[in-house]
Amino acid sequence: MARKDKKIFFYKIPIRTHIVTENDDIVDLAQKYSAGIAAPGDVICLAESVVAITQGRAILPEAVRPGWLARFLSRFPGKDGSLATPPAMQLAIEEAGPARILAGCAAAALGRLIKKKGLFYIVAGRELALIDDIAGTMYPYERHIVMGPKNPGQLVQAIKKATGAEAVIADVNDKKCVDILGITDKSYRQAVIEALKDNPFGNEDEQTPIVILKRWKTRL
Amino acid sequence: MPITARLTNFYSKVTLEGEEQFSTVTIEATAPPPVIIDYPEPGSCRVTLRALLNMYPGPLYIQDGILREVTVEPGEGQVTFHITLDEDVRAMLTGVEGIPYRIVLRFSRRPLQEFYRDRVIIIDPGHGGTDGGWRGPVNLWERDMAWKTAQELVRVLEGFKARVIWTRQAEENPSWQERLRKVTPDTFCFISVHEHGAADTSQRGTAVLYNPVVPGNEELAAKVLERIVARVNTPARGVKADEELARLGEIPGIKLEPVAITNWVDEGLLRNPYFHQKVALATAVAIKQHFQRGK
């Protein structure tokens, strides 16, 4: 008999935190704010931009010197996207290398012809889609370009070890897109995506970069 | 033994119930905590909960015309929320079951509606049609951003029951003379919306211009500037007299420049729809507070 997939349902508990900086340790933060709430079987979810900020990956554009390639290529992406300014494009070039960026541009040009979106990031690297351009992150980081986090897989394992709960690092937006960058138990993946679709991290003034998902029902 | 609630989050929103608006403070907890509300002095509401604190207890600056700010005081097995009020209103308390359990405090926004009801306000989005005004370094135009902010101003002011008159439609670009023709003898205030632009793209921030003919309009502009800057965290570029607005004569008038669109960061701020909402609400609240001074 075929085994049915587990259906897991969660209560969502956003936690208000202080304004996180590069002086914070993300594992300590997860432990501190989930104490007494998250238990084994629950999931501690962290917004990817906050993880990146603790890693010192929020960069002031003044600290970046865009080259001619960055200045040229930044004219082409969608203007509401993440690589529309020369400093953000320069950081993308430094992250992925000029060859991958140019290959991505060629793929994007092909994508325009065949009316298929997203080919740039498929070829140049999905980590580039995590870059938040100037004003893409809340105050006091609105002047920064925030890169994607490094080593999300290792970080979630460290959080699980420290707290006993499962852990997730995710990129979520208000268009119901959820990108899981790191997860300790892959069997939770679909349930976590469903739970985060309405963006409980918030995209306005909310200071809730940690959301605890409490398990409330298991159906087999 | 009852479970001790842990407080996880709190936030404020403006909600609409039928025609009535409310400023709300919502406190989220892992279980229902015992709650006591009192009013230790005018303009202050105190909410005490038997609970532990998991969330960050830093202040929440609201400034929506009814609620000014909330500060949190952790104590021995209890947490006290001090809510500073701009108006003499009382909270209606509701508990919403679930996880998290929500304690919702609703404060009527009638004082704002009572102030604005039937007042005539002219909203003037700058530029229009083929005149785009300043262009941002990526792609935004002053014309379109002024229109967005103006739409939010109209939404806020009509919610307060004001009578709003536009100086232009989306695709029009009337002359200043034609815009001034919209002014009626009973006009309470004229609000023009622009963005700043400069060849020096490092210039950032918010400015408010005013009609120098009307005594007190400089103070009005200063109040509006103070409120906007507090709400959207932009640098203040100051207030100054505007010769175009002087042609309004004795009608109070201001010209908003929420950002310098020619700056990378400021242009990016304009992409956020909440930015326009915050500028609009801060402006409406500041105007009321200016004209109610001393009452």
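1. How many residues of domain 1 of chain A are in contact with domain 2 of chain A? Four residues of domain 1 of chain A are in contact with five residues of domain 2 of chain A, contact meaning that the C-beta atoms of two residues, placed from the backbone, lie within 7 Å. On the domain 1 side of chain A, the residues in this contact divide into no nonpolar, two polar and two charged. The classes are as follows: Ala, Val, Leu, Ile, Met, Phe, Trp, Tyr, Cys and Pro are nonpolar, Asp, Glu, Lys and Arg are charged, and the others, Gly among them, are polar.

2. This is a predicted model, in which local features need pLDDT of at least 70, side-chain atom pairs count only at pLDDT 80 or more, and totals for chains, interfaces and linings use all residues. Residues are numbered from 1 along each chain as its sequence is written, while chains are lettered from A and ligands numbered from 1 in the order in which they are written. The model scores ipTM 0.89 and pTM 0.90. Chain B has a mean pLDDT of 94, with 99% of its residues at 70 or more; pLDDT is the predictor's confidence in each residue, from 0 to 100.

3. In chain A, the domain assignment gives domain 1 (7-57 + 148-219) and domain 2 (61-139); such bounds come from an automatic or database domain assignment. The C-alpha centres of domain 1 and domain 2 of chain A lie 26 Å apart.

4. Chain B is assigned domain 1 (6-108) and domain 2 (113-291). Taken over C-alpha atoms, the centres of domain 1 and domain 2 of chain B are separated by 32 Å. Five residues of domain 1 of chain B are in contact with eight residues of domain 2 of chain B. The domain 1 side of that contact in chain B consists of one nonpolar, three polar and one charged residue.

5. Between the chains, 21 residues of chain B are in contact with 28 residues of chain A. On the chain B side, the elements that give two or more residues are β1 (6-17) and α6 (264-270) of chain B. Helices (H or I, at least four residues) and strands (E, at least two) are DSSP runs, numbered from the N terminus. The largest share of the chain B side, five residues, comes from β1(B). By class, the chain B side has 11 nonpolar, eight polar and two charged residues.

6. Which residues touch the most other members of the largest nonpolar core? Of its 142 residues, these are A:I44, A:C45, A:L46, A:V168, A:V192, B:I191 and B:V208. A nonpolar core is a set of buried Ala, Val, Leu, Ile, Met, Phe, Trp, Tyr and Cys residues joined through C-beta atoms within 7 Å. A residue is buried if 20 or more other C-beta atoms lie within 10 Å of its own, exposed if 12 or fewer, and partly exposed in between, with C-beta atoms placed from the backbone. Helix α7 (residues 273-291) of chain B gives the largest share of this core, nine residues. Leaving aside neighbours within four places in sequence, the contacts of B:I191 include B:I121, B:L153, B:I254 and B:T283.

7. Helix α4 (residues 86-96) of chain A is mostly covered, with eight of its 11 residues buried. The buried residues of α4(A) pack against β3 (58-59), α3 (68-73), α5 (98-113) and β4 (145-146) of chain A. After α4(A) comes A:G97, which has a positive phi near 95°.

8. In helix α8 (residues 189-196) of chain A, the buried residues are A:V192, A:A195 and A:L196. These residues are on the same side of α8(A) because they cover an arc of only 90° around the axis, the arc being that of the directions from the helix axis to the C-beta atoms.

9. Some backbone details in chain B deserve a check. The peptide bond from B:I99 to B:P100 is cis, with omega near 5°, and B:P100 is in the loop between β9 (91-96) and β10 (101-108) of chain B. B:D118 is not a glycine, although its phi is positive, about 65°. B:D118 counts as exposed because it has 9 C-beta neighbours inside 10 Å. B:K161, also a residue other than glycine, has a positive phi near 75°. B:K161 lies in the loop between α2 (142-159) and β12 (163-166) of chain B and, with 15 C-beta neighbours inside 10 Å, counts as partly exposed.
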